[in-house]
Amino acid sequence: MTRVTLALVGAGLRGLTYARHALAAGAGEVVAVAEPDPVRRAAAGREFGVPADRLYAGWEELADRERLADAAVIATQDRLHTAPAVRLAGLGYHLLLEKPMATEEREAAAIAEAAERAGIMLAVCHVLRYTPYTRALRSLLDGGRIGRLISVEHLEPVGWWHQAHSFVRGNWRRADTSAPMLLTKACHDVDWLVHIVGGVPRRVSSFGSLTHFRAGDAPAGAAERCLDCPVEADCPYSAKRLYLGCLGDADSEFWPLSAVTDTFTEEGVVRALRDGPYGRCVYACDNDVVDHQVVAMEFADGVTCSFTMSAFTPMGHRRTRLHGTHGFAEGDGTSIRLVDFRTGAESVLDPAAAGASAADGHGGGDEALVEAFLDAVSTGDAGALASDGAASLATHRVVWAAELARRTGEVVTVEA
């Protein structure tokens with residue numbers, strides 16, 4: 001495979017993850033970095049050996065030059081995807097675009113159209129499509145192991161502390177500055193369910209709200225910051241417990257602690273909790289996204305699906321039950337239990353799997369996606385990719401339809 005050159009646009013958690021996988025695979029090389037934070041920009045330049053004249057404070061500076069790389073990894077904040085994606089596609093960069101594509105349908109459509117117009121490959125980072133677990137699940141469905149699929153139950157266990165970190169205190173806490181949580185967190189899941197079922201649903205309904213992380217649920221005596229709180233020790237959402245507990249663990253320092261501070265000492269963490277957003281009481285934040293939501297989907301062939309996203313769980317792999325005419329399959333992200341109705345026999349499939357979270361590779365999906373993208377760019381054959389811009393746009397439209405259903409209380413027909 002010819003080594004693929006990459007321009008990294010956004011050197012945060014996700015951008016660094018993809019770039020590091022590219023280097024580890026021996027198939028990619030970062031030759032330019034665009035990152036507004038000077039500390040992150042300099043650190044990425046050192047890590048990837050990028051010369052100073054190819055370190056840019058913004059994607060605009062990168063786009064003002066002739067194309068410097070085969071492809072661009074776009075891992076900016078969600079609301080900042082559209083302009084760089086459209087512009088860099090027009091310059092001929094193939095795109096590895098972090099999910100969600102964009103926070104509004106018209107912008108996601110503009111990205112897909114720009115990619116098609118430019119004739120470049122666009123891979124949205126729906127990493128769950130690429131895991132060994134997913135491949136095993138699709139294989140058993142395609143092989144008729146449970147007969148015809150009739151219905152699906154799926155759970156996204158967000159995790160109590162992850163909800164507090166990302167969706168109460170963190171960057172994805174408000175729909176007006178980020179997007180609805182179903183899009184920012186669970187467009188992964190909706191895309192995955194479409195991939196598993198084999199089609200886009202025709203109708204959706206949805207219910208959910210911000211039920212717990214509100215001022216009215218604060219325990220008696222709670223302070224506005226965990227450092228000052230007399231009841232902090234008994235609170236499951238203690239920032240002191242979470243972030244000080246990350247110290248000394250490289251994975252936890254990479255995520256979630258790197259979002260809080262770049263000084264991995266007790267003094268550095270305490271200072272960040274005193275002054276920054278991550279030290280706030282979860283009942284005294286400005287969050288407005290849901291903390292639990294259910295989505296019901298009906299597909300054209302009669303298959304039904306219920307999807308639950310909940311903060312009130314341990315953080316872990318998604319859990320899925322597949323109900324078929326001849327059998328039943330139940331998966332927990334690492335193994336799949338099969339029951340054959342004709343014989344009563346049970347068996348277990350154990351595909352190789354890594355950890356569930358962003359910090360440990362989404363069950364191997366991060367690495368597999370990057371390798372597939374590099375292969376596609378190197379060979380000029382998009383067949384290595386599990387979806388394209390049009391397919392990703394279609395699954396995003398399901399998310400927006402579900403959000404409309406949640407807000408209106410109506411059953412919404414999904415745009416074909």
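**Sheets, helix packing and nonpolar cores in a predicted model**

P256 is placed in the loop between α11 (250-254) and α12 (266-275), where helices (H or I, at least four residues) and strands (E, at least two) are DSSP runs numbered from the N terminus. The peptide bond that leads from W255 to P256 is cis, with omega near 15°. A cis peptide bond also joins K99 to P100, with omega near -10°, and P100 is found in the loop between β5 (94-97) and α5 (105-118). The structure is a predicted model, in which local features need pLDDT of at least 70 and side-chain atom pairs count only at pLDDT 80 or more, while totals for chains, interfaces and linings use all residues. Residues are numbered from 1 along each chain as its sequence is written, and side-chain values use heavy atoms, with hydrogens and water left out.

An open sheet of six strands has the order β3-β2-β1-β4-β5-β6, with parallel pairing; two strands are said to pair if DSSP finds at least two bridges between them. Because β3 (55-56) and β6 (122-124) stand at the edges with a single partner strand each, one side of each is left without a neighbour in the sheet. Between β5 and β6 the parallel pairing extends over three bridges, and L95 stands opposite L122 in β6.

Another open sheet is built from nine strands in the order β14-β13-β12-β11-β7-β10-β9-β8-β15, and its pairing is mixed. Its edges are formed by β14 (346-349) and β15, each of which has a single partner strand, so that one side of each lacks a neighbour in the sheet. Strand β8 (residues 203-209) is paired with strand β9 (residues 292-298) in the antiparallel sense over seven bridges, and S206 has V295 in β9 as its bridge partner. Helix α14 packs on the sheet and touches β8, β9 and β15, its direction making about 60° with that of β8; such angles run from 0 to 180 degrees between N-to-C directions, and axes are lines fitted to C-alpha atoms, for helices over the stretch in contact.

Strand β7 (residues 149-157) contains H154, which is buried at a relative accessible area of 4% (buried means under 20%, exposed over 50% and partly exposed in between, with a 1.4 Å probe and protein chains only). Residues touched by H154, leaving aside those up to four places away in sequence, include D189, W192, F307 and R319, where contact means heavy atoms within 4.5 Å.

Two packed helices are described by the angle between their axes and the distance between the axes. Helix α6 (residues 132-142) packs against helix α9 (residues 187-197) at an angle of about 30°, with the axes 9 Å apart, which makes α6 roughly parallel to α9 (angles under 35 degrees count as roughly parallel, over 145 as roughly antiparallel, 65 to 115 as roughly perpendicular and the rest as oblique). In this contact, Y133, T134, L137, R138 and L141 of α6 meet W192, H195, I196 and V197 of α9.

The largest nonpolar core has 74 residues, and L95, M101 and L122 are among those with the most contacts inside it; a nonpolar core is a set of buried Ala, Val, Leu, Ile, Met, Phe, Trp, Tyr and Cys residues joined through side-chain atoms within 4.5 Å. Helix α14 (residues 389-408) supplies the largest share of this core, seven residues. A second, separate core of 31 residues includes A71, V127, Y130 and L369.
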